Amino acid sequence: MAQGLEDLSREELERLVVMTAKDVIALDGTWFQSLEHARGMDAAMEHDREAWRRFVPSEARRLAQLLELPERCGLAGLARALPLRCTSLANEWEIRWEDGGNALVFRITDCRVQTARARKGMEFHPCKSVGELEYAGFAATLDDRIRCECVSCFPDITDGTCNCAWMFTLAE
């Protein structure tokens with residue numbers, strides 16, 4: 001498996017990882033738009049939520065294993081894993097610590113999906129319902145004490161400086 005990687009330099013491997021993440025997002029967008037055109041936004045969103053609901057736990061488990069995170073890794077472990085998600089590798093993002101380090105806010109500052117839809121003259125993707133289960137499911141797979149709250153996400157934008165923002169806290 002992964003034959004040919006041994007011949008690549010570290011720089012080439014890094015570029016390949018980012019390229020592959022962008023390809024995954026492009027594939028996700030391609031199937032979504034196909035379904036959106038054929039069956040409408042509501043049907044496409046229903047299938048999008050189900051796809052991400054199924055995908056996210058396995059992505060979280062693979063990253064936890066790669067990073068050797070403990071079973072209940074807390075917000076610090078989440079902060080290590082979030083940047084390595086395929087969606088993170090394909091987008092511009094930032095992490096902010098708030099409330100004296102008791103809350104982690106993950107912000108997508110440049111989203112490939114929304115940028116592509118705008119470029120094509122399409123309406124923005126109403127991704128809040130997908131993001132709610134995606135980010136909450138990812139965090140809960142890493143640590144069942146982590147809670148996720150949407151700060152801002154289309155169609156409910158409350159922060160115009162980013163495409164979306166998610167706050168994570170640790171339940172006591």
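In this predicted model, helix 1 and helix 5 touch through Lys22, Ile25, Phe32, Gln33 and Glu36 on the helix 1 side and Arg112, Val113 and Arg117 on the helix 5 side. Sorted by class, this contact has four charged, three nonpolar and one polar residues. Helix 1 covers residues 10-39 and helix 5 covers residues 112-119; their axes come within 10 Å and cross at roughly 50°.

| Pocket | Volume | Lining by class |
|---|---|---|
| Largest pocket | about 750 Å³ | 16 nonpolar, 10 polar, 10 charged residues |
| Second largest pocket | about 490 Å³ | 12 nonpolar, one polar, three charged residues |

The largest pocket is lined by 36 residues, and Ile25, Cys111, Arg112, Val113 and Gln114 are the closest to its centre. Elements that give two or more residues to this lining include helix 2 (41-67), helix 6 (128-142), strand 2 (103-110) and strand 4 (164-170). Helix 1 gives the most to the lining of the largest pocket, with eight residues.

In the second largest pocket, 16 residues form the lining, and Val17, Thr20, Leu63, Leu84 and Leu89 lie nearest the centre. Helix 1, helix 2 and helix 4 each supply at least two residues of this lining. Here too helix 1 gives the most, with six residues.

Definitions and conventions:
Residues numbered from 1 in each chain as written. Predicted model: local features only at pLDDT ≥ 70, side-chain atom pairs only at ≥ 80, totals over all residues. Heavy atoms only, no water. Axes fitted to C-alpha atoms, helices over the stretch in contact; angles between N-to-C directions. Helix = DSSP H or I, 4+ residues; strand = E, 2+ residues; numbered from the N terminus. Contact = heavy atoms within 4.5 Å. Nonpolar A, V, L, I, M, F, W, Y, C, P; charged D, E, K, R; others polar. 1 Å grid on protein atoms, 1.4 Å probe; cavity = no way out; pocket = protein on both sides within 12 Å on 5 of 7 lines; lining within 4 Å. Points joined across faces, edges and corners; volume = space filled by probe spheres on them.
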